[in-house]
Amino acid sequence: MTQEEDIAADAAAETHGPTHSGFVALIGPTNAGKSTLVNRLVGAKVSIVSHKVQTTRAIVRGIAIHDNAQIVFMDTPGIFKPRRRLDRAMVTSAWGGAKDADLIMLLIDSERGLRGDAEAILEGLKEVRQPKILVLNKIDRVNREDLLALAASANEKIAFERTFMISAENGSGCDDVMDYLAATLPEGPWYYPEDQISDLPMRQLAAEITREKLFLRLHQELPYSSHVETEKWEDRKDGSVRIEQVIYVERDSQKKIALGKGGETIKAISTASRKELSEILEQQVHLFLFVKVRENWGDDPERFREMGLDFPK
């Protein structure tokens with residue numbers, strides 16, 4: 001048994017009654033609110049959130065403790081009809097995460113219903129053997145009759161174990177989901193130490209935070225052909241940390257957008273990212289951002305490995 005497993009076992013032993021643990025794959029169409037929900041259920045930010053679709057690129061694991069259960073949420077990329085190599089890698093990653101989980105949680109945007117990608121996901125789920133629950137999100141924006149009709153329509157297509165109606169944004173209904181998962185996941189020791197909330201390395205989480213700020217700042221202007229990497233991480237003697245990151249884009253025109261007039265845009269992104277990283281790390285952060293052009297990085301296997309994705313042929 002590893003040291004981490006020993007710590008997890010000791011933490012679990014301090015609780016009362018048998019412990020439960022397991023992996024829950026959260027899947028759904030793009031922009032259904034998966035990352036917002038994972039952050040809500042974990043109680044901390046482990047996955048980046050933006051209004052731009054397809055923000056999550058690889059599986060992010062958020063770890064929550066509820067009653068005697070350790071629940072490992074797998075926030076998967078949104079499932080959609082792929083057009084590029086990166087799209088294919090993201091969709092493959094999402095379905096792979098679903099097939100590796102103990103339980104699948106399908107999240108549907110109640111406003112959009114079963115149109116488009118949601119319908120295709122329901123078809124795909126018919127081939128997946130794991131038990132499934134349906135979670136209807138954004139219920140505060142839809143009337144009760146429409147919610148009941150949506151739940152009935154989805155359950156006609158898939159034999160869901162349970163259906164939940166929630167708002168990931170304000171937390172309504174989320175406790176019911178956690179109660180169900182804690183009681184349903186199999187008995188067994190915890191996989192991670194009690195205070196661990198994610199398996200994402202801090203360097204990668206820092207890059208994801210900056211990518212979120214990039215998307216939020218340049219929602220319409222910068223296309224998806226951008227990628228952030230943490231290249232240097234130095235813990236300094238004064239207790240602060242120096243972080244150097246590179247934002248990769250594919251063309252000079254995109255570099256100009258990311259920098260902004262007089263460097264105004266990159267400064268704003270750096271300030272927002274540095275503030276959030278300082279809060280997460282609970283130490284002073286010196287963040288330095290650089291923008292580099294790397295043509296066709298979306299066809300570079302190394303960039304896919306950096307994002308935690310398999311490079312599709």
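Predicted model: local features only at pLDDT ≥ 70, side-chain atom pairs only at ≥ 80, totals over all residues.

Trainee: What order do the strands of the open sheet have?
Mentor: The order is 7-8-9, three strands with mixed pairing. Strands are DSSP runs of E, at least two residues, and helices are runs of H or I, at least four, both numbered from the N terminus. Two strands pair if DSSP finds at least two bridges between them.

Trainee: Which strands stand at the edges?
Mentor: Strand 7 (226–235) and strand 9 (285–293). Each has a single partner strand, so one side of each has no neighbour in the sheet.

Trainee: How many bridges join strand 7 to strand 8?
Mentor: Nine, and the two strands run antiparallel, with strand 8 covering residues 241–249. His-227 stands opposite Tyr-248 in strand 8.

Trainee: And what does helix 7 touch?
Mentor: Helix 7 packs on the sheet and touches strand 7, strand 8 and strand 9, where contact means heavy atoms within 4.5 Å. The direction of helix 7 makes about 135° with that of strand 7. Axes are lines fitted to C-alpha atoms, for helices over the stretch in contact, and angles run from 0 to 180 degrees between N-to-C directions.

Trainee: New topic. How many aromatic pairs are there?
Mentor: A search of the whole structure finds two. One of them is Phe-23 with Tyr-191, tilted, at 4.9 Å centre to centre and 50° between the planes. Rings of Phe, Tyr and Trp (its six-membered ring) pair if their centres lie within 6.5 Å; planes under 30 degrees apart are stacked, over 60 edge-to-face, the rest tilted.

Trainee: Is Phe-23 buried or exposed?
Mentor: Phe-23 counts as buried because its relative accessibility is 17%. Tyr-191, at 40%, counts as partly exposed. The cut-offs are under 20% relative accessible area for buried, over 50% for exposed, and partly exposed in between (1.4 Å probe, protein chains only).

Trainee: Last one: what does Asn-155 touch?
Mentor: Leu-134, Phe-160 and Thr-163, not counting residues up to four places away in sequence. Asn-155 lies in helix 5 (residues 144–157) and is partly exposed at 29% relative accessibility.

Methods: Residues numbered from 1 in each chain as written. Heavy atoms only, no water.
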